[in-house]
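I opened this entry to record the surroundings of the ligand and the pockets of the protein.

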Amino acid sequence: MSTFGLLQIGLMLSCTTKISSLHCNHLPLQQSKVIESSLQLLDKMGEKFPRQCLGEKMFFRFPEQVLKARQKETVKVAVEEIFQNIFYIFSKNLTLAAWDGRALEQFQNGLHQQIEQVEACVIKKQTHYFWSREASRLKLKKYFQKIDCFLKDRQHSLCSWEVSRAEMRRCLQFVDKVIRRLDD
Ligand SMILES: *[C@@H]1O[C@H](CO)[C@@H](O)[C@H](O)[C@H]1NC(C)=O
């Protein structure tokens, strides 16, 4: 995303902060919507998984246990953590991915907007959740680091991006299932 694009989002957000605080109570619903549109955009930005990349498939082992925490709050925070990590992955060199630029930008903007809005409400000082959050954060960090290194090792090649896109789809589908069970 260009700096200009980020600036635009920044400006838009500064005008909607009053509204976003209302969303704090409906976070799982909001997260569900972001996941739904992100999944659609992931499909829209490229074709089906290319045959020539089949040999490069990887198993990244998503840490499912981070979404199985007992406190809803911990799960919601883990989901935000996932959004941030996906946003970070998709801010890398996408030149060789050759995806639909418009769908890609919408995908990035959707995640970015969500991250900014939620920072204003969830990530308040909930110190008693600190330890379980830190453990989850580390597990997620490891998982996303593996993807990041995989992309780097393969110089952000077309196939490494396709493998990562498929992985992000699986990850979001799993999060989606969990979030649907969290009714507030
Ligand atoms: C991104 O990757 C392409 C193809 O490998 C390369 O030509 C380009 O210089 C890279 N851009 C950046 C900003 O690293």
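Which residues are around the ligand? I found N93, T95 and L96 there, counting a residue if one of its heavy atoms lies within 4 Å of the molecule. The model is predicted, so I noted that local features need pLDDT of at least 70, that side-chain atom pairs count only at pLDDT 80 or more, and that totals for chains, interfaces and linings use all residues. Residues are numbered from 1 along each chain as its sequence is written, and side-chain values use heavy atoms, with hydrogens and water left out.

I next looked up N93, which has a polar side-chain atom 2.4 Å from an oxygen atom of the ligand; a polar contact is a pair of N or O atoms within 3.5 Å. The protein buries 28% of the 370 Å² that the ligand exposes when taken alone (Shrake-Rupley method, 1.4 Å probe).

I then turned to the pockets. The largest pocket holds about 260 Å³ of space. I took a pocket as an open set of points on a 1 Å grid over the protein atoms alone, where a 1.4 Å probe fits, with protein on both sides within 12 Å along at least five of seven lines; lining residues have an atom within 4 Å of a point. Its volume is the space filled by probe spheres set on the points. Among the 16 lining residues, Q30, K33, V34, Q114 and Q117 are the closest to the centre of the largest pocket.

For the second largest pocket I noted about 180 Å³ of space. Its lining consists of M58, F59, R61, F62, E64, E167, R170, C171 and F174.

Definitions and conventions:
Polar contact = N/O pair within 3.5 Å; in protein donor to acceptor, adjacent residues only side chain to side chain.
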